[in-house]
Amino acid sequence: MPHPPLPSTQSAVFAVEAMAARHGREVRASHDIGRDRTFAGLVGADAAAGGSEPDAIPHEALLEIAGRPAISVRLFVHDEAVVTVDDIAFDVPRDSVPAFLHSVWSGLVHVKQRAFPPSCTLIVTVPGEPGYREAVTRLQLSPWLAGLIR
């Protein structure tokens, strides 16, 4: 199932805020705007604007979402996002971030544990997409994550 396109950082912020409100969560946002405040500004003016829009102003945002599990979303200039769920970071395409968050809050998440070799993997299932998987160490296993072990 294709997700609606989120062409800008601000559109992604609005989409995440709407999804959080739908699930009764509060969002605190901080914005970095301009070449002097964003990571894209560090790599040069042409790279920050993709080379085609020299007058574009880079915009990045950090969204911290209240509730359990602890979630933060870092939106970057080039359609990239990092969603951190209980200290486990996932690289998620910007257009998929609202669906990813909906999956977490809807219970489409679990921890797969193997006995040999010993390992844990946090899996977030987004309908219509391959599952997002990240390794979890024993030190990262919070009470919320431990409750999701299969």
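Two strands pair if DSSP finds at least two bridges between them. Helices (H or I, at least four residues) and strands (E, at least two) are DSSP runs, numbered from the N terminus.

**Entry 1: the model.** I noted that this is a predicted model, in which local features need pLDDT of at least 70, side-chain atom pairs count only at pLDDT 80 or more, and totals for chains, interfaces and linings use all residues. I number residues from 1 along each chain as its sequence is written, and side-chain values use heavy atoms, with hydrogens and water left out.

Entry 2: The open sheet has five strands in the order E1-E2-E3-E4-E5, with antiparallel pairing. E1 and strand E5 (88-93) are at the edges with a single partner strand each, so one side of each has no neighbour in the sheet. From one strand to the next, the twist averages 15 degrees; axes are lines fitted to C-alpha atoms, for helices over the stretch in contact, and angles run from 0 to 180 degrees between N-to-C directions.

**Entry 3: helix H1.** I checked the length of H1 (residues 9-22). The expected span of a helix is 1.5 Å times one less than its number of residues. For the 14 residues of H1 this gives 20 Å, and the end C-alpha atoms are 20 Å apart, which agrees. H1 lies across E1, E2 and E3 and runs at about 10 degrees to E2. Buried residues of H1 include Ala 12, Val 16 and Met 19 (buried means under 20% relative accessible area, exposed over 50%, partly exposed in between, with a 1.4 Å probe and protein chains only). Strands E1, E2 and E3 and helix H4 are among the elements that cover them. Just after H1, Gly 24 takes a positive phi of about 70 degrees.

**Entry 4: helix H4 and the rings.** I then turned to H4, which lies across E2, E3, E4 and E5 and runs at about 15 degrees to E4. Rings of Phe, Tyr and Trp (its six-membered ring) pair if their centres lie within 6.5 Å; planes under 30 degrees apart count as stacked, over 60 as edge-to-face and the rest as tilted. I found two aromatic pairs by this rule. Phe 100 and Tyr 132 form an edge-to-face pair, at 5.3 Å centre to centre with 80 degrees between the planes. This pair links distant parts of the chain, since Phe 100 is in H4 and Tyr 132 is in strand E8, 32 residues apart. Phe 100 is buried at a relative accessible area of 0%, and Tyr 132 is buried at 12%. Ring pairs link Phe 90, Phe 100 and Tyr 132 into a cluster.

**Entry 5: Ser 96.** I asked what Ser 96 is in contact with, beyond its neighbours within four places in sequence. The residues are His 3, Glu 129 and Tyr 132 (contact means heavy atoms within 4.5 Å). Ser 96 lies in the loop between E5 and H4 and is buried, at 5% relative accessibility.

**Entry 6: strands E6 to E8.** I found that E6 and E7 pair in the antiparallel sense over six bridges and form a hairpin with four residues between them. E7 and E8 also run antiparallel, joined by five bridges.
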